[in-house]
Amino acid sequence: MIRLLLFMLLTCVSVAASADDTTRPQLKRRARASDSVTLPAVDSIIALGGEIAVSGFDKPLDSRRETFHVTSSMPDTITAITLRLVYSDVAGRRLHEVVRKVDCIIPPYDTRMVSIPSFDRQCRYFYARGKQSRASGVAPFEVTIHPLTIYLKL
């Protein structure tokens, strides 16, 4: 319950994203969709379940892998988890959805970094709350992670 309240509090805090205007005076700057987007100023807490918390998601533009941290609040060792990842653009339109089983050893009440192949095989997207890219023709994305199954060591 405390985690849920903390999550709700942190997601209410937002920071307006602003870009430097580096165009020459005679050129007009085009408005981009990302200019009016406000994102929560948190360490990208993605999903909170009763047994695990997923945080610290990252996918830079040039990466073919996505990484995040999984924290266990269980007294047993986790050997694998199944997650549903829903990717959307910053306007909320769905880009992709995937269900992945991730093999990982997470000791009781501990945190481990997990790495999975990215949905973005052409390196055209970057995580909106990560390192911003000024490259042209690329777009930020958001992700929501839903824990589906937790596998425990017997």
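**Entry 1: the K59 pair.** I looked up K59 and found this residue buried, with a relative accessible area of 1%; buried means under 20% relative accessible area, exposed over 50%, partly exposed in between, with a 1.4 Å probe and protein chains only. Before going on, I noted that this is a predicted model, where local features need pLDDT of at least 70 and side-chain atom pairs count only at pLDDT 80 or more, while totals for chains, interfaces and linings use all residues. I also noted that residues are numbered from 1 along each chain as its sequence is written, and that side-chain values use heavy atoms, with hydrogens and water left out.

What does K59 pair with? K59 forms a salt bridge with D120, and the closest N and O atoms are 2.8 Å apart. My cut-off for a salt bridge is a side-chain nitrogen of Lys or Arg within 4 Å of a carboxyl oxygen of Asp or Glu. The two residues sit 61 residues apart and link distant parts of the chain: K59 is in the loop between β4 and β5, D120 in the loop between β8 (111–117) and β9. D120 is buried too, at a relative accessible area of 4%.

**Entry 2: S63.** I stayed in the loop between β4 (52–58) and β5 (65–72), where S63 is found. Is S63 buried or exposed? S63 counts as buried, because its relative accessibility is 18%. A polar atom of the S63 side chain lies 2.8 Å from the backbone oxygen of R65. Leaving aside residues up to four places away in sequence, S63 touches S118 and C123, with contact meaning heavy atoms within 4.5 Å.

**Entry 3: other salt bridges.** I searched the whole structure and got 6 salt bridges. One of them joins R129 and E142, with the closest N and O atoms 3.4 Å apart. R129 lies in the loop between β9 and β10 and E142 in strand β10, 13 residues apart. R129 is partly exposed at 28% relative accessibility, whereas E142 is buried at 13%. Shared partners join R84, R94 and E97 into one network of salt bridges. R94 is exposed at 54% relative accessibility, and E97 is partly exposed at 34%.

Entry 4: For the record, strands are DSSP runs of E with at least two residues, helices are H or I runs of at least four, both numbered from the N terminus, and two strands pair if DSSP finds at least two bridges between them. β9 pairs with β10 (residues 139–152) in the parallel sense over 3 bridges, and Y125 stands opposite A139 in β10.

**Entry 5: the whole chain.** Of the 154 residues, 33% are buried. Among contacts with a separation of 6 or more, 60% are between residues 24 or more positions apart.

Definitions and conventions. A polar contact is a pair of N or O atoms within 3.5 Å; within protein, one must be able to donate a hydrogen and the other to accept it, and residues adjacent in sequence count only if both atoms are side-chain atoms.
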